[in-house]
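Student: I have a model open and want to know what stands behind the labels. Can we go through them one at a time?

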Amino acid sequence: MGAAVLAGLGLGLSLIVAIGAQNAFVLRQGLRREHVAAVVAVCAASDVVLVLAGVGGTGAVLERVPWLVTAVRVAGAVFLAGYAVLAARRALRPTALAAQAGGSRAGLGAVVGTALALTWLNPHVYLDTVLLLGSVAGARGADRWWFAVGACTASLVWFTGLGFGARALRPVFARPAAWRVLDGVIAVVMAALAVSLLVGAG
């Protein structure tokens, strides 16, 4: 039992602790202190649902419906490309960056909607949590649900630490130039992910 939990925790962290669409968004919201709890809750809860679905056998179903994965890849690529354009525009407009660091706040609905889209329209999430974690957990037999507990714990710990720990970096991002760099990096990451998804869908 303990070994299965630790294995799930380790694999879960190894898959999630990498810069990507979801992590970049959580980091940005954490820096802005904008609806952080809601974003963390959405991302962590979504991961838990996906991990449990994978362990429950959904991964095997997806493997038999390849067109569904392709459709999600294309939809995700379109969404990420749009988000990359928005991030690039923020990076190129210093006046907008000053506002981002301070006053105007996006509505809760818009932020939650973006978090949901970045999670559920990202095929990598399905490949990692549903297919990979699900198949590894399945090999553990009766201990697969303890493995799932470890993987779910990894998501909860990571998103909570990333979202609420980002405030330690706020002094660095008090300068518009720092926001320019962050949004530039986000734009590049989103664009690269969009391209990789389209290539994979071909």
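**Labels and the values behind them**

Tutor: Start with a loop. R33 lies in the loop between α2 and α3. H35 lies in the loop between α2 and α3 as well. Keep in mind that this is a predicted model.

Student: What makes the phi of R33 worth noting?

Tutor: Most residues other than glycine have a negative phi. R33 is not a glycine, yet its phi is positive, about 55°. H35 is another case: a residue other than glycine, with a positive phi near 50°.

Student: Why is R33 called partly exposed?

Tutor: Set the value against the cut-offs. Buried means under 20% relative accessible area, and exposed means over 50%. R33 has 44%, so R33 is partly exposed.

Student: How do you know that α2 and α3 are roughly antiparallel?

Tutor: Two packed helices are described by the angle between their axes and the distance between the axes. Helix α2 (residues 21–32) and helix α3 (residues 36–55) pack at about 160°, with axes 9 Å apart. Angles over 145 degrees count as roughly antiparallel. Therefore α2 and α3 are roughly antiparallel to each other.

Student: What is the hand of the crossing, and which residues make the contact?

Tutor: The crossing of α2 past α3 is left-handed. From α2, the contact uses Q22, F25, V26, Q29 and G30. From α3, it uses V36, V39, C43 and D47. By class, that contact has five nonpolar, three polar and one charged residues.

Student: Why are α1 and α8 given the label they have?

Tutor: Apply the angle test again. The axes of α1 and α8 cross at roughly 155° and come within 11 Å. The cut-off for roughly antiparallel is over 145 degrees. So α1 and α8 are roughly antiparallel to each other. The hand here is right-handed, as α1 passes α8.

Student: Which residues meet there?

Tutor: L11, G12 and L15 in α1 meet D128, L132, L133 and V136 in α8. By class, the contact has five nonpolar, one polar and one charged residues.

Student: What makes the span of α8 close to the expected one?

Tutor: Compare two lengths. α8 has 16 residues and reaches 21 Å from first C-alpha to last. At 1.5 Å a residue, 22 Å is expected. The span is close to that value.

Student: Which residues of α8 are buried?

Tutor: P123, V125, Y126, T129, V130, L133, G134 and A137. G138 is also in helix α8. At 46% relative accessibility, G138 counts as partly exposed, because exposed requires over 50%. The C-alpha atoms of G138 and A148 are separated by 10.0 Å, with the two residues ten apart along the chain.

Student: How does the span of α9 compare with what is expected?

Tutor: Helix α9 (residues 144–165) has 22 residues. Its first and last C-alpha atoms are 31 Å apart, close to the 32 Å expected at 1.5 Å a residue.

Student: Which residues of α9 are buried, and what covers them?

Tutor: The buried ones are F147, A148, G150, A151, C152, A154, S155, F159, L162 and G163. Their cover includes α1 (2–16), α2, α3 and α8 (123–138).

Student: Why is W158 called partly exposed?

Tutor: W158 is found in helix α9. Its relative accessible area is 23%. Buried means under 20%, so at 23% W158 is partly exposed.

Student: Which residues does W158 contact, leaving aside neighbours within four places in sequence?

Tutor: L13, I16, V17 and N23. For a C-alpha separation, take W158 and A44: 114 residues apart along the chain, yet separated by 8.5 Å.

Student: What about α7?

Tutor: Helix α7 (residues 108–120) has 13 residues and reaches 18 Å, close to the expected 18 Å. Its buried residues are V111, V112, T114, A115, A117, L118 and T119.

Student: How many helices and strands does the whole chain have?

Tutor: Ten helices and zero strands. Buried residues make up 41% of the 202 residues. Among contacts between residues at least 6 apart in sequence, 88% join residues at least 24 apart.

Terms used: Residues are numbered from 1 along each chain as its sequence is written. This is a predicted model: local features need pLDDT of at least 70, side-chain atom pairs count only at pLDDT 80 or more; totals for chains, interfaces and linings use all residues. Side-chain values use heavy atoms; hydrogens and water are left out. Helices (H or I, at least four residues) and strands (E, at least two) are DSSP runs, numbered from the N terminus. The expected span of a helix is 1.5 Å times one less than its number of residues. Buried means under 20% relative accessible area, exposed over 50%, partly exposed in between (1.4 Å probe, protein chains only). Axes are lines fitted to C-alpha atoms, for helices over the stretch in contact, and angles run from 0 to 180 degrees between N-to-C directions. Angles under 35 degrees count as roughly parallel, over 145 as roughly antiparallel, 65 to 115 as roughly perpendicular and the rest as oblique. A crossing is left-handed if the near helix is turned anticlockwise from the far one by less than a right angle, and right-handed if clockwise. Contact means heavy atoms within 4.5 Å. Ala, Val, Leu, Ile, Met, Phe, Trp, Tyr, Cys and Pro count as nonpolar, Asp, Glu, Lys and Arg as charged, and the others, Gly among them, as polar.
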